[in-house]
Amino acid sequence: MAQFAVIGLGRFGSACALELMKTGHSVLGVDTNPKLVNKYADQLSRAVIADVTDRQALEELGLDNYDVVLVAIGADIEACLVCVVHLKSFGVPTIWAKATSHAQHLILAKIGVNRIIHPEEEMGIRVAQMLSYPMVNDYITLGNGDYIVEVTASENMNGQTIKDVLREQMDDVQVLLVKRRGQTTTQPNADFALHAKDLLILLGQLQALRTAAPKLV
Ligand code: ADP
């Protein structure tokens, strides 16, 4: 279990904080807004009202003991930057921050933020990619054109083997696993017979997946 702190409990920060709690981590949430802190107090490990531009208030939170601090302050760029400068001076090991502009990104990178997130742009790209490939439930980019994608087998797949379906793509697309009603089969062989609604996790180059994924639906 990792310890996370999320600074700024707006839409983005609170969504991250709640999801981290769901995945079994310990999360401290911080915001200046008492209404937000009260709203999430029962759902987070700890929730504190504090102005993170106030060095002393921030120091009292002991954030250097956390694995990652996520600075999720939106519009107030100055508050975000001042907070990161303080966190750096306390020796917080890993800092992630949300950026709302190119200039903010440049400064955050310069002061040593480990990962800078642009939620609107990143989500926009994801949504566009999902719209282009609606048969794909979800995907991960591995770089160099490699992707892992999740596809749900359609009714037409009932009883067909992986080999029957993938044919020419057998060499280019690997079926990493098939999940059927909670049961997982890892690296199923080519004669594995599919059922409708099986979840398949495929690995391959985008081009090969573009041909293979639609065959499963
Ligand atoms: P979102 O788009 O994710 O909703 P917001 O800008 O609305 O982003 O949310 C940012 C949150 O950060 C707000 O809840 C705000 O109260 C909080 N915040 C802003 N400045 C500070 C600060 N100095 N200290 C702590 N929290 C802050």
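**Salt bridges, pair by pair**

Mentor: Confidence comes at the start. The protein chain has a mean pLDDT of 94, and 100% of its residues reach 70 or more; pLDDT is the predictor's confidence in each residue, from 0 to 100. For the complex, the predictor gives an ipTM of 0.95 and a pTM of 0.80. The model is predicted, so local features need pLDDT of at least 70 and side-chain atom pairs count only at pLDDT 80 or more, while totals for chains, interfaces and linings use all residues. Residues are numbered from 1 along each chain as its sequence is written, and side-chain values use heavy atoms, with hydrogens and water left out.

Now the pairs. Side chains of opposite charge can pair when their charged atoms come close. A salt bridge here is a side-chain nitrogen of Lys or Arg within 4 Å of a carboxyl oxygen of Asp or Glu. The whole structure holds seven of them. Three are described below.

Take Lys-22 and Glu-19. Their side chains form a salt bridge at 3.6 Å, N to O. Both residues belong to helix α1 (residues 11–22), three residues apart, about one turn of the helix. Helices are DSSP runs (H or I, at least four residues) and strands likewise (E, at least two), numbered from the N terminus. Lys-22 is exposed, at 67% relative accessible area. Glu-19 is partly exposed, at 42%. The classes are buried under 20%, exposed over 50% and partly exposed in between, with a 1.4 Å probe and protein chains only.

Helix α3 (residues 55–59) carries another pair, Glu-59 and Arg-55, four residues apart and separated by about one helical turn. Their side chains meet in a salt bridge at 3.7 Å, N to O. Glu-59 is partly exposed, with 44% relative accessibility. Arg-55 is also partly exposed, with 37%.

The pair Lys-197 and Glu-155 comes next. Their closest N and O atoms are 4.0 Å apart, in a salt bridge. Lys-197 lies in the loop between β10 (183–186) and β11 (199–205), and Glu-155 in the loop between β8 (146–152) and α7 (162–166), so the pair ties together parts that are 42 residues apart in sequence. Lys-197 and Glu-155 are both exposed.
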